[in-house]
Amino acid sequence: MLKGNFFRGLGYLGEGFRLIRQPGLRLFVVIPLVINILLFGLLFYFLAELFTAMIAAAMGWLPDWAWLQSLDWLFWLLYGAVILLMLAYGFVIVANLIGSPFYGYLAELTEKHLTGQEVSTEDGWSQIVRDIPRALWREVQKIVYYLPRAVGLFIIGVIPVVNLVAAVLWFLFNSWMMALQYVDYPADNHRVSFPALRRLLGDTRLSALGFGLPVALAAMVPVLNLVVVPAAVCGATAYWVRENGPSNKDV
């Protein structure tokens, strides 16, 4: 029987959006946000240049008919759709690799704020630099966990009849992964291993899925997916503080 509270889980992302506006937390929200915007701006630029060359090459192979040459707009529509899909599924992985040291520290500051401790950023930069190797290793562990399961779901998706449930399975899996991804930051601050975190979230799986579902949806919306990452870190920290407390173990 699944334990936890799905509807309580749904509320943590909204709390995360409120928390990122707190004065003591804003700096460590803004810096990775700016880095991500610059990175994806460059990515869009280079992909646009590449796709322009691809369109020119493709049109060069076609007969020189005016109506056919005018179809280049269709290729650009295809380009836009492909880029949106790439961002929807690839943004979170890339953004977290880049911002993981910042997000670990943001989770620590958020936990202090939630538990009534003094929020101080005096040693912030030195701590972020020290935590880079550990933070990157945690991201690698999550990617290693994700890839074989994603491949399995992809295979299910190409099997006739069985693929009817593939979309539902993908969405549930993405919701679970979003919970794992972001609750891992406060868990790592407490030196909880990634396998132990999976067991902890499994014990309150309904709460975890409730938290991960709106994060997964927001990650698919361009522009919103830039802001949802730090909000999800803060929301996941609220999840950790409340769901990991002794009073919630049997809920």
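Where is the place of F173? In this predicted model, F173 has its place in helix 6, which covers residues 166-189. The views below start with that residue and then move on to helix 1 and its two partners.

**View 1. F173 and the residues it touches.** Let's begin with a single side chain. F173 has a relative accessibility of 11%, so it counts as buried, the cut-off being under 20%. Leaving aside residues up to four places away in sequence, F173 touches Y146, R149, A150 and L153. Take L153 as an example: 20 residues separate L153 from F173 in sequence, and their C-alpha atoms are 9.1 Å apart in space.

**View 2. Helix 1 beside helix 8.** Here you can follow helix 1 (residues 6-19) and helix 8 (residues 205-218), whose axes come within 7 Å and cross at roughly 40°. That angle makes helix 1 oblique to helix 8. The crossing of these two helices is right-handed. On the helix 1 side, look for F6, R8, G9, L10, Y12 and L13. Helix 8 brings L206, S207, L209, G210, F211, L213, P214 and V215 to the contact. Sorted by type, the residues of this contact of helix 1 with helix 8 are 10 nonpolar, three polar and one charged.

**View 3. Helix 1 beside helix 9.** Now turn to the other partner. The axes of helix 1 and helix 9 (residues 224-243) come within 7 Å, and they cross at roughly 120°. The two helices are therefore oblique to each other. Helix 1 and helix 9 make a right-handed crossing. From helix 1, the contact uses R8, Y12, L13, E15, G16, F17 and L19. From helix 9, you will find L224, V227, V228, A231, A232, C234, G235, A238, Y239, R242 and E243. The residues of this contact of helix 1 with helix 9 comprise 12 nonpolar, two polar and four charged.

**View 4. How confident is the prediction?** Across the chain, the mean pLDDT is 79, and 72% of the residues reach 70 or more. Which helix has the highest confidence in the chain, and which the lowest? Helix 1 is highest, at a mean of 94, while helix 3 (residues 66-69) is lowest, at 60. Take a look at residues 246-251 too: pLDDT stays under 50 there. For residues 246-251, the model has eight contacts beyond four places in sequence.

Notes. Residues are numbered from 1 along each chain as its sequence is written. This is a predicted model: local features need pLDDT of at least 70, side-chain atom pairs count only at pLDDT 80 or more; totals for chains, interfaces and linings use all residues. Side-chain values use heavy atoms; hydrogens and water are left out. Axes are lines fitted to C-alpha atoms, for helices over the stretch in contact, and angles run from 0 to 180 degrees between N-to-C directions. Helices (H or I, at least four residues) and strands (E, at least two) are DSSP runs, numbered from the N terminus. Angles under 35 degrees count as roughly parallel, over 145 as roughly antiparallel, 65 to 115 as roughly perpendicular and the rest as oblique. A crossing is left-handed if the near helix is turned anticlockwise from the far one by less than a right angle, and right-handed if clockwise. Contact means heavy atoms within 4.5 Å. Ala, Val, Leu, Ile, Met, Phe, Trp, Tyr, Cys and Pro count as nonpolar, Asp, Glu, Lys and Arg as charged, and the others, Gly among them, as polar. pLDDT is the predictor's confidence in each residue, from 0 to 100. Buried means under 20% relative accessible area, exposed over 50%, partly exposed in between (1.4 Å probe, protein chains only).
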